[in-house]
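Have a look at the screen with me, and I'll talk you through a few things.

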Amino acid sequence: MTDWIAATGGRQEAEYKVLFDAPDQARLALEGTTLTPLAHFGVLDVVGSDAETFLQGQTSAQVALADGDFAPLTCFCTPKGRMLANAQLWRVAKDHYRLLMHASLVKALAEHLGKFAAFYKVNLDIRDDLALLGLVGREAAALAEVRFDIKPPRPWHQAANDDLQLLAHPGPRPRMLACLSAERAIEAWQRLSEHATPVDNAVWRLHDIQAGLAWLDTSQRDAYLPQMINWEALGGISFKKGCYTGQEVVARAHFRGQVKKRLVRAQLDGNRLPDPGSAIEDADGKRLGEVFCAELDAYGEAEVLAVISTREAALPLSVAGQRLKLLKLPYEIERLDPESLATRG
């Protein structure tokens, strides 16, 4: 359901991009507060008396940690440990869980999980009736608190008010994600836009890149182990839970140090955005990896997340003739247990 997006005044380009006319949008998010429809995300609900048990056997998260406060990252894998989707998980109510992921993966994941759901008292609901709004900027948390009458949570946690859930995501500026009914979203947008500038949802994706946070889309399904996108460094894998699909391979890769590719953050020396999957080559012309995603930053240069080999490479690196400079990730490449993240102040 995209009627609410049309009501914002944005132009929907392709299926997952929304455009507005404001200039210097990436800079606006650094200096002020911006608002965007998160059209590239979708929602899948898992509801029923067996919902927790069902999810516990399918996902990398310790489902009990999703307690209405902590909203952990998670992923769903094949038996070979390759990701079918990565997501954020939160609890809406007793026996009601919600998954946020790239919109292109919602239907495919629902079909995959549906093969097992028949053995549980659980329903899988694709929530096309929900809207996702993103606030980015210095006053994002304060604006959300005033307009939604809700205390903003800290990153990877949630707060709720009636039929609205508010989640905080990390990034170079505060970020708040609101999940609410499409009907309520139109009024909320009008009130929020009085104090926040509407911008393309590319601004949110840029902040994901700068946070080192990679969301799979349908073109990347079944291509990566979770560790290849640093999912364990973001708290997206519990190594303290029991079995789930793909768990043995994921655990072996971790404990034996068998991850040969890693997600890196980088910048190109031009403003041409490479397509996902574009080859990253070393100085000898050998393929080292591929672009995962890319967006233009506040200076008009392309920033990317890429998955590349961990072997030492001949420098410089390049993508389609543009030189690629590696940047520092905002986190260490080491295991972060979600059990500790859940209680961190």
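So, disulfides: there are 0 of them here, where a disulfide is a pair of cysteine sulfur atoms within 2.5 Å. Take cysteine 75, which is in no disulfide, with the nearest cysteine sulfur, in cysteine 77, 3.9 Å away. Cysteine 75 is also buried, at 1% relative accessibility; buried means under 20% relative accessible area, exposed over 50%, and partly exposed in between, with a 1.4 Å probe and protein chains only. Cysteine 293 is partly exposed at 22%, and its sulfur is too far for a bond, because the closest cysteine sulfur, in cysteine 75, is 17 Å away.

Quick caveat: this is a predicted model, where local features need pLDDT of at least 70, side-chain atom pairs count only at pLDDT 80 or more, and totals for chains, interfaces and linings use all residues. Residues are numbered from 1 along each chain as its sequence is written, and side-chain values use heavy atoms, leaving out hydrogens and water.

Now the sheet. Strands are DSSP runs of E, at least two residues, helices are H or I runs of at least four, both numbered from the N terminus, and two strands pair if DSSP finds at least two bridges between them. β5 is joined to β6 (residues 83-93) by 5 bridges, with threonine 74 opposite alanine 87.

Last up, helix α7, residues 202-210: 9 of its 9 residues are buried, including Trp204 and Asp208.
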